[in-house]
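Trainee: I would like to go through this structure step by step. Please begin with how its elements are assigned.

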Amino acid sequence: PLLVACAVMVPSPLFRKPLSAVAMAADGSLLSASIAADGQWRFAQADSVPHKFATCIIAFEDKHFRHHLGIDPLALARAARNDLRRGRAAEGGSTITMQLARMARGNQARNLWQKFMEALWAVGIEMTHSKDEILALYASNAPMGGNVVGLEAASWRYFGRRPADLSWA
């Protein structure tokens with residue numbers, strides 16, 4: 001019953017944000033792009049995530065991404081312990097899926113109730129999406145500095161190339 005409730009509480013689609021108008025050449029190069037109605041550079045969601053990006057984001061953000069159901073109890077416990085030692089919230093212990101839930105929920109204030117809600121949403125997202133879909137949603141909606149949202153927009157804006165053409169560096 002709880003898993004079904006988690007899956008039901010997650011809207012479809014997760015994101016309804018305005019997109020940049022983008023014109024691409026036949027060879028895949030970017031001809032032009034305009035800012036979205038909300039002032040963000042946000043391109044349409046990609047169907048997949050380049051291997052290099054997936055490898056790096058999983059290694060940096062959520063080493064156990066492929067093996068959990070949206071939450072990592074050990075990471076949450078470690079973060080809580082470290083936050084108590086510091087006397088302030090400095091670490092969240094969120095999985096990639098929990099971060100996706102936070103973004104989809106409009107980046108609510110950070111507190112224990114919101115963390116609990118993110119965990120429920122994360123389980124729901126995991127019940128309704130594959131791991132590859134979750135990575136694609138994350139890559140398309142994560143803030144990438146300033147008013148740039150998503151890997152596709154960031155790759156073109158900062159490096160002038162498709163995400164698949166980025167080096168490991």
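Mentor: Helices (H or I, at least four residues) and strands (E, at least two) are DSSP runs, numbered from the N terminus. Keep in mind that this is a predicted model.

Trainee: Is His68 buried or exposed?

Mentor: The cut-off for buried is under 20% relative accessible area. His68 touches Asp62, Thr95, Thr97, Glu126 and Lys131, leaving out residues up to four places away in sequence. Because its relative accessibility is 11%, His68 counts as buried.

Trainee: How many salt bridges does a search of the whole structure find?

Mentor: One of them pairs Arg102 with Glu118, at 3.4 Å from N to O. Another joins Asp165 and Arg162 at 3.0 Å; Asp165 is partly exposed at 40% relative accessibility, as is Arg162 at 35%. The search of the whole structure finds five.

Trainee: Which element gives the largest share of the largest nonpolar core?

Mentor: The largest nonpolar core has 29 residues, and those with the most contacts inside it are Leu14, Ile96, Leu100 and Leu135. The elements that give it two or more residues are H2, H4 (96–104), H5 (112–128) and H6. Six residues, the largest share, come from H6.

Trainee: Which residues is Leu14 in contact with, leaving aside its neighbours within four places in sequence?

Mentor: Leu14 is among the residues with the most contacts inside that core. Leaving aside those neighbours, Leu14 is in contact with Leu100, Ala104, Trp121, Ile125 and Leu137.

Trainee: Which residues of helix H7 are buried?

Mentor: H7 runs over residues 151–159, and Gly160, with a positive phi near 70°, follows it.

Trainee: Where does Ser34 lie?

Mentor: At 33% relative accessibility, Ser34 counts as partly exposed. With neighbours within four places left aside, Ser34 is in contact with Ser20, Ala21 and Trp41. Its C-alpha is 9.0 Å from that of Leu19, 15 residues away in sequence. Ser34 lies in the loop between S2 and S3.

Trainee: What accessible area do Leu3, Leu69 and Met127 have together?

Mentor: Leu3 is found in helix H1, residues 2–9, and is partly exposed at 41% relative accessible area. With Leu69 and Met127, Leu3 forms a nonpolar patch on the surface; their accessible area together is about 260 Å².

Trainee: What pattern does the protein follow along the sequence?

Mentor: There are seven helices and four strands. Read along the sequence, they follow α-β-β-β-α-α-α-α-α-β-α.

Trainee: What radius of gyration does the protein have?

Mentor: The C-alpha trace spans about 50 × 35 × 30 Å along its principal axes, and 41% of the 169 residues count as buried. A compact globule of 169 residues would have a radius of gyration near 15 Å. The protein's value agrees with that, at 17 Å.

Conventions: Residues are numbered from 1 along each chain as its sequence is written. This is a predicted model: local features need pLDDT of at least 70, side-chain atom pairs count only at pLDDT 80 or more; totals for chains, interfaces and linings use all residues. Side-chain values use heavy atoms; hydrogens and water are left out. Patches are made of residues with over 30% relative accessible area and no salt bridge: like charges are joined within 9 Å, nonpolar side chains (Val, Leu, Ile, Met, Phe, Trp, Tyr) within 5 Å. Accessible areas come from the Shrake-Rupley method with a 1.4 Å probe; for residues, only the protein chains shown count as cover. A salt bridge is a side-chain nitrogen of Lys or Arg within 4 Å of a carboxyl oxygen of Asp or Glu. Buried means under 20% relative accessible area, exposed over 50%, partly exposed in between (1.4 Å probe, protein chains only). The radius of gyration is taken over C-alpha atoms; the globule rule is 2.2 Å times the number of residues to the power 0.38. A nonpolar core is a set of buried Ala, Val, Leu, Ile, Met, Phe, Trp, Tyr and Cys residues joined through side-chain atoms within 4.5 Å. Contact means heavy atoms within 4.5 Å.
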